[in-house]
Amino acid sequence: MASKFKGVDYYRLDDLLTDEQKMVRETVRGWVDERVLPIIAKHYQEGTFPRHLVAEMAELGLFGATLPEEYGCAGLDSIAYGLINQELERGDSAVRSFASVQSALVMYPIFTYGSEAQKRRWLPKMAKGEAVGCFGLTEPDAGSDPGSMTTRAVRDGKDWVLNGAKMWITNGTIADVAVVWARSDGGFLGFLVEKGIPGFSAPEMKGKLSLRASVTSELVFEDARVPDSSRLPGAKGLAAPLSCLNQARYGIAWGGVGAAMACYDEALRYAKERVMFDGPIGRFQLVQDKLVRMLADITQGQLLVWRLGQMKDAGTLRHQQVSLAKMQCVAMAREAARNARDILGANGILDEYGAMRHMHNLESVYTYEGTHDIHKLVVGGDITGFEAFRAPVKPAGG
Amino acid sequence: MNILVCIKHVPDTETRVKITPGGKALDFTDANFVVNPYDEFAVEAGLQLKEKKGTGEVTVLTVGGEDAMKSLRQALAMGADKAVLCSDGAFEGSDAWGVARVLAAAARRLPFDVVFCGKHGVGDDNQQVGSLLAALLGVPAVTVVTGLDFDEAGAVRCKREVEGGTEVVRAALPAVVTCQKGLNEPRYPSLKGIMAAKKKEVATFRAADLGLDPASVGRAAAAFVLREYELPPPRPAGRVLAGEVDQQVRELVRLLREEAKVI
Ligand SMILES: Cc1cc2nc3c(=O)[nH]c(=O)nc-3n(C[C@H](O)[C@H](O)[C@H](O)COP(=O)(O)OP(=O)(O)OC[C@H]3O[C@@H](n4cnc5c(N)ncnc54)[C@H](O)[C@@H]3O)c2cc1C
C-alpha cells in the first residue's frame, strides 16, 4: 500500500537516488507509518522498548543491511542504508538506535574483526533478529575519553577474565551478546560476551527522560570468564571500537535528517490548519521563518548525507567528514524539533504529536556516539592541525 | 503451479488530479506512480499460493510504458520470479478490451494454471479487465474475491462478499481470479528481495511478439471513447444556522428534507 508520509524533498533530491534506493526507503517508510508510529507514544510513556518490532525489522532485512548475502544480509549500498536510518528515526530515535547498535556496533565489528567461526555463528542469527547485540565501550568515568576506561581483561590459561563496569549501553539488558572493550597488558581488546555467563550481569538503567523507548543498561563484570575464542582476533587497539562508532555515526547523521523531516512535516501541516486571529497561523511571518529555516536545514542535511554516502561507497570517506555530518545533522534536528514544538503551541507538549518526543530523544543523540562538541573539536583539529580535546591540564592555582 | 499476476502501474491514490488544458487528458507530471493497490493483493495471493504448493513460478505481467517497469520491479522485490512488460506504441490509448487483448495474447504465450488480477485499477475504476481477459482466454472468472482455497481436484474455491452474506464459488482451473481488499495482507518487499529483483528477468513483448494486429488494440480499436475530463464543481461554502438550539434543529431538519432531500 502507498505510504502516508510523503517525504520532504524541496530540491528533488529523489532524482539522485537509484530505483532500489527509493524502493528501500518506501518499504521502510511504509513500515514505520504502519507499525511504529501508531504505538511509539505508548512505549515512550511507559518506558518500554517495542520488542515485537525486532522480528519485523529482521524480516524486512534491516539488520546489517550493508553486509554481504553469504551471512544472510542484504548487501545494500551506503545510501540505501542511510535511508533506512532516516526513516527509522522519523519514527523514533529508539528504533533507529536499536538498529544502529545491532548493525553498526555489533554486526559490523564481528564482520570486520571477527574470526570466520564468529561470523558464521552470529551474523545470520543477528540478521534474522534471533540474537540481539549491544556494544559496551562507555564507562561511568570514561565517556568522551574511552582511552581512560578501567575495565580489564586478564589472561588466565586459555581464558580471559573480565572485571569492571560499562554504563549507558543501549540494548544491554536484552542483548544475547555484548561486544565488550577492555584494556589488557597488550592494549585494548574486544570480546563477544554471551548473556548469562557467570560473573556478567546487565541491569537496566531507569529514570531516563530521553530515548525512553530504548533499553539502556549497565554491564557489570565480576571475574567473568570468557574463552580466547570469543576475543575479536582482528581488533587491536582503540581504532577498532572507533571504527564501529564511525559506522554508527554515519547512520545517525541520516537519522537526524529523518527526525527533522518528521518535525517539519508535522509543524507545516499544523501551521496550515491551526486557526488563530481568524486565519491559519502559517500566514504569520514569524511562523514562516521557523518553517523555512527547518526546510533549509533539512535540505542542506539531505545533500550532506547523500554526498557522505557516495564517498563512503567510493572508499574516500574520512572519519572527520562523518564527524561534521553527525554534529551538523543532529544539531539541526534538535533545533527543528524545538521549533516544531513551539509552532504546535500547547498541543506540542502532548504525546499525540511527535515533536516533543523527538526533541527529548535528540538530546541523547546529541550526546552519544561522540558529543556534539567532541565532533566539533575533531573537525577543528582537522582543519587547524591543533587537537583541542587533548588540552593539557593546568595545575590548579598554579 | 504456474501463476500469472496482472498488475497496473497507476498514480497513487493521494494524487491531486490535474486536467490538461483542453480537457482531453490528465496531467501526471508531479504524480507518484505505484502498483495498483488491488493488484498488491493479487501479487500476494500468487506468492502465498506458490509458497503453499512449494513449487511453481509467479510471473507478473503488465501493459504499459517503460515507466511501468518500476511496478514490475516492486512485484519482483516482493518475491515474484519473472516479469513481462507488454509495451508498444500500438497499445497506447487502449480501452479495457484493448488491454485485455494484449494480456490474453501474452498469457497464451506463458504457461499458467491461474491468473490473479486486482478487482479494479484505481484511476479508471472500470472493473472490466479481469473478466474480459477470462472471456478471451475461455476460462472461468471469479471476481471481487476475499478468500481463496485450492483443492486437490485442481479447482479453486473463492469467497465473495455479497449483500448480507458470503458466496462461495468453485471454479475449475485454469481460471482468472480478481482480488478484493481483505483477501490478504500484502507483504513489504524485503531488502534482500529488492536486491534480488535487480537480477531477475524482465521480458518485453511488442505487438509483433504477441502476434497482435496493431489495429486490434490501442486507440484505433477502442470501443470506448474518452470525450472530456471535468473536475467536479467546487464545494459551496458551509452554512451556519442561527437562533436558539431548537429553532436550529427544526431548520436543519427542514433543510435536510426539502433542500438536500436526504431524509
Ligand atoms: C541513551 C544513551 C545511550 C547510549 N548508548 C551507548 C552504547 O550503546 N554504548 C556505549 O558505549 N555508550 C553509549 N552511550 C554513552 C555515550 O556514548 C556517552 O554518554 C558519550 O560518549 C559522552 O560521554 P559522557 O556522557 O561521559 O560525557 P562526558 O565525556 O563527561 O562529557 C560531558 C560534557 O563535557 C564535554 N567535554 C568532554 N570532553 C571535552 C573536551 N575534551 N573538550 C570539550 N568538551 C568536552 C562534552 O562535550 C559534554 O558536553 C549512550 C549514552 C546515552 C545517553
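Which residues come nearest to the ligand, of the 21 around it? Let me take that as my starting point, with the reminder that what we are looking at is a predicted model.

The residues that come nearest are A:Leu137, A:Thr138, A:Gly143, A:Ser144 and A:Phe389, out of the 21 residues around the ligand. If we then ask which elements build this shell, β1 (133-136) and β3 (159-170) of chain A each supply at least two of its residues, as do the helices α9 (355-367) and α10 (372-384) of chain A. Sorted by class, the shell around the ligand consists of ten nonpolar and nine polar residues, together with two charged ones. As for where the ligand sits in terms of domains, it lies between domain 2 (133-230) and domain 3 (239-388) of chain A, because both of these domains give residues to the shell.

Let me turn now to the contact between the chains, to which chain A brings 17 residues and chain B brings 19. On the side of chain B that touches chain A, α1 (37-53), α2 (69-78) and α5 (191-199) of chain B each supply at least two residues, and the largest share, five residues, comes from α5(B). By class, that side of chain B has nine nonpolar residues, seven charged residues and three polar residues.

Finally, a word on chain B itself, for which the domain assignment gives domain 1, covering 2-221, and domain 2, covering 233-263. The C-alpha centres of these two domains of chain B lie 46 Å apart.

Methods:
Residues are numbered from 1 along each chain as its sequence is written. Chains are lettered from A and ligands numbered from 1 in the order in which they are written. This is a predicted model: local features need pLDDT of at least 70, side-chain atom pairs count only at pLDDT 80 or more; totals for chains, interfaces and linings use all residues. Domain bounds come from an automatic or database domain assignment. A residue is near a molecule or strand if its C-beta atom, placed from the backbone, lies within 6 Å of it. Helices (H or I, at least four residues) and strands (E, at least two) are DSSP runs, numbered from the N terminus. Ala, Val, Leu, Ile, Met, Phe, Trp, Tyr, Cys and Pro count as nonpolar, Asp, Glu, Lys and Arg as charged, and the others, Gly among them, as polar. Two residues are in contact if their C-beta atoms, placed from the backbone, lie within 7 Å.
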